Amino acid sequence: MTTGKINVSVENIFPLIKKFLYNDHEIFLRELVSNATDATLKLKHLASIGEAKVEYGNPIIEVKIDKEGKKLHLIDQGLGMTADEVEKYINQIAFSGAEEFLEKYKDSAKDSGIIGHFGLGFYSAFMVASKVEIITKSYKDEPAAHWTCDGSPDFTLEPSDKTERGTEIILHIAEDSLEFLEDYKIRELLTKYNKFMPIPIKFGTRTEKIEQKKGESVAEEDKDNIFTEVEVDNIINNPNPAWTKQPVDLTDEDYKDFYRELYPMQFEDPLFNIHLNVDYPFNLTGILYFPKMSADIQMQKDKIQMYQNQVFVTDNVEGIVPEFLGMLKGVIDSPDIPLNVSRSGLQADSNVKKISNYITRKVADKLKSLFTENREDFEKKWNDIKIVLEYGMLSEPKFYEKSGDFILYPTVDDKYYTLAELKEILTSNQTDKNGKLVVLYASNKDAQHGYIDIAKEKGYEVLLLDSPIVSHLIQKLESDNENLTFTRVDSDHIDKLIQKEDTQISKLSEDESTQLKTVLEEIVPKANYSVQLEPMDSTAAPFIITQPEFMRRMKEMSQSGGGGMFGMGNFPEMYNLVVNTNSELATTILNTSDKSAQEGLVKQALDLAKISQGLLKGEELTAFVKRSFELIK
C-alpha cells in the first residue's frame, strides 16, 4: 500500500474547493458524471483507432445510492486508470488528464466529443463527501487500484481485486449533505445536468410488461395473463438528442417530439424551429424554437438551455444568446463555452461574442427563408412572433440590417406589407406638406375604432402596431428613413396630410367659423385643449379629440422606460379638439342664443369625445352620466 500527500500548492485545497471553486454544491454530480462520460468516450476513440485492444461494447454509467451505508456510487465502463495514472491524475493536481490526452491525439480526437474536465472536477466530490474512494481498472493489462482520501492532503493507494474495466467512485456523504442520499434529489440532478449526456446513465431499475412468447413456460397462476413483468435498467437520459443529428435526418414531428421532451408541461406546439450547426470558426449546435409569445417580455426569458458537449451548464444565456432571442426556447450546445466561468468572463470572451453574432445571423437568414418560401404561412404566425422580432430590431444592429427582408407591418384590415411595399402604397396618397410619407397606425383597434373609420373614409391605409415597444420602434424607423413619419390615427394627422381633391368644403362661412371658434374657446378649457375647425363629411363625429403626435409619443416612451433617456418624466395633458364644421351640431351651437344652453351643448359634446379617448373619469364621468339622464327624461 502506498501512502502520501496530494501534490497541491496550498496546505489544504479541499476547504478552498468547498468554499470557492463552485457556487452550488450540487454541481459535484455533474462533474463526476462528466468525467465518467469523458473516460468512456476516450476509450471509444482509442478503440476506434486501434490503440485500445478491447471490445468497446455498449457501456453505461451507473449511479447507485447506499442509503444505509451513507454512500453514493458512480460506476463507469470507460478506460479506467492504472495505479501510476491515479498517482498522476488524482494526486498531482497540477496535471490535467484531458489536456494531455487531447494534445497527444489532437488530430484524430477532433470530433470525439471529449468533455475534458478530468482533474479539478473530480475534487468537487469533497463538497459533499467526508471521504472518497476510487476503485479503478485500466483497459491496459495492469492491476486494479484502490485510492482513498478523507478530505485532507493524506491519501492511501493500494491494489484492488476489481476485474472489470472502468472506474467506481464511492462518496461517503457528509452529515451536512445527506440530501444527496435521497432518490428524488439524485434523479432531479441527473435530469437537470445530464439529461442529454452521450453515454446512457442508469439510475435504479423499472418494471416493463412484455408479451409472452407462445410455448413459453408460464406459472399456473399467470396462465390467463399474456404479459409478464420484468425489471430493466432505468436509463434516465437521452444520449442522442435531436440537436446532435443532422437536419436532413429529422422530420417536423421529430422536432416537435424533442420540444415536448424539453418542455413536458408545454401543451402548445412551437410555431417553427431553427436548427443551428456550425464548426468554424467555433463549434456550435442547437435548436431554437419560436413559441407563441405574450406581450410580457420578462415572463418569456430563461427558456433556452445552454449545454457544453451535452452537459447542462445554465438556462441563463445572457451574453451568449442575443438578448432578444432569450425569449425563445430550445438548446444551444458549444464546447467553446467553459463550464465554470463568471458572467462577466463570459461577456468578455471573444468566442462568446462570435457565437452571439452567428446566432443572430442564422436566425435572420431562417426568417427570411420562411418568409420567402411561404409568405402566407409566415403572415399567419406574425402576431405570435412579432414582439421578438421588433425587440431584435431595437437591440441588435446586425439583426436590424437584415430585418427589412421579412419584418411585416399589418393593417387594421389584416393586410401585411414589408416596409418597401408600404412605401410604394403611401407614395400616391399619404404625404405631408413637406413631401414625407405619413404612416397612420392604430395601437388599439377597438379603442380607436372611430378614428380608424374616419381615416378609411378618406382612403387612408391604417396599420395596426400594437406591441408594447411600438413607440421606440417607430422612433428607430423614422431615424433611419428620413422620408417617413409615423402618426397614430387618433393624433393630429389631419394637419399633416395633404388633403385629397375630394376634401370637404365647409358649410360655414369664414365669419361663421371665426364666431364658432370664439364660442368654443370660451367654454373649452384652454389649459388642456387647442380648438381646431375642420370641414368633414356631415356623418363624421361632430367633436373629435386628438393628441399632438410628438407629445403623445414622448409620454408613451417615458412610461415604457424611455423617460430617463430624454430627461423628461412628466408631460402635460395637451389635446386638440377638432370640430367638424359640417356637422349639424356645429351649426346648432353657433345659432343657439341661450348661453347656458350653448354651454351645455359644448360640454356634452366634449364629454362624448373624451369618452371615445378614455379621458372621462371620476367626478367628470359622474356629472356626465347625471346630465345625460336629465337630457333623456
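Q: Which helix is Phe399 found in?
A: Phe399 is found in helix α11, residues 397-403. Helices here are DSSP runs of H or I with at least four residues, strands are runs of E with at least two, and both are numbered from the N terminus. This is a predicted model, in which local features need pLDDT of at least 70, side-chain atom pairs count only at pLDDT 80 or more, and totals for chains, interfaces and linings use all residues. Residues are numbered from 1 along each chain as its sequence is written, and side-chain values use heavy atoms, with hydrogens and water left out.

Q: How many residues does the largest nonpolar core have?
A: A nonpolar core is a set of buried Ala, Val, Leu, Ile, Met, Phe, Trp, Tyr and Cys residues joined through side-chain atoms within 4.5 Å. The largest one has 65 residues, and Trp147 and Leu171 have the most contacts inside it. Helix α2 (residues 27-48) gives the most to this core, with 10 residues. A second, separate core has 61 residues, including Val352, Ala364, Phe378 and Tyr400. In the whole protein, 50% of the 633 residues are buried.

Q: How many residues of strand β14 are buried?
A: In a regular strand the side chains alternate between the two faces of the sheet. For β14 (residues 329-333), 5 of its 5 residues are buried. Lys329, Val331 and Asp333 lie on one side, Gly330 and Ile332 on the other, and both faces are covered.

Q: In which sense does β12 pair with β14, parallel or antiparallel?
A: Strands of a sheet pair through backbone hydrogen bonds, either parallel or antiparallel. Two strands are taken to pair if DSSP finds at least two bridges between them. Strand β12 (residues 304-308) is parallel to β14, with 4 bridges, and Gln305 has Val331 as its bridge partner there. Strand β11 (residues 284-290) runs antiparallel to β14 and is joined to it by 5 bridges. In that pairing, Ile287 stands opposite Val331.

Q: What is the strand order of the open sheet of 3 strands?
A: The order is β20-β22-β21, and the pairing is mixed. β20 (529-534) and β21 (543-546) are at the edges with a single partner strand each, so one side of each has no neighbour in the sheet. On average, neighbouring strands of this sheet are turned by 25° against each other, direction ignored. β20 pairs in the parallel sense with β22 (residues 575-580) over 6 bridges, and Tyr529 has Tyr575 as its bridge partner in β22.

Q: Which helix lies across β20, β21 and β22?
A: Axes are lines fitted to C-alpha atoms, for helices over the stretch in contact, and angles run from 0 to 180 degrees between N-to-C directions. Helix α19 (residues 595-612) lies across these strands and runs at about 50° to β21.

Q: What is the phi of Asn309?
A: Asn309 is not a glycine, yet its phi is positive, about 50°. Asn309 sits in the loop between β12 and β13 (311-314), and its 17% relative accessibility counts as buried. Asp414, also not a glycine, has a positive phi of about 65°. The place of Asp414 is in the loop between β15 (409-410) and β16 (416-417), and at 55% relative accessibility Asp414 counts as exposed.

Q: What pLDDT does the protein average?
A: pLDDT is the predictor's confidence in each residue, from 0 to 100. The protein averages 82, and 81% of the residues score at least 70. Over residues 94-98 the pLDDT is below 50, and this stretch has 10 contacts in the model beyond near neighbours in sequence. Residues 109-119 also stay under 50, with 36 contacts beyond four places in sequence. Where pLDDT is low, the predicted coordinates should not be read in detail.

Definitions and conventions: Buried < 20%, exposed > 50% of the residue type's maximum accessible area, 1.4 Å probe, protein only. Contact = heavy atoms within 4.5 Å.
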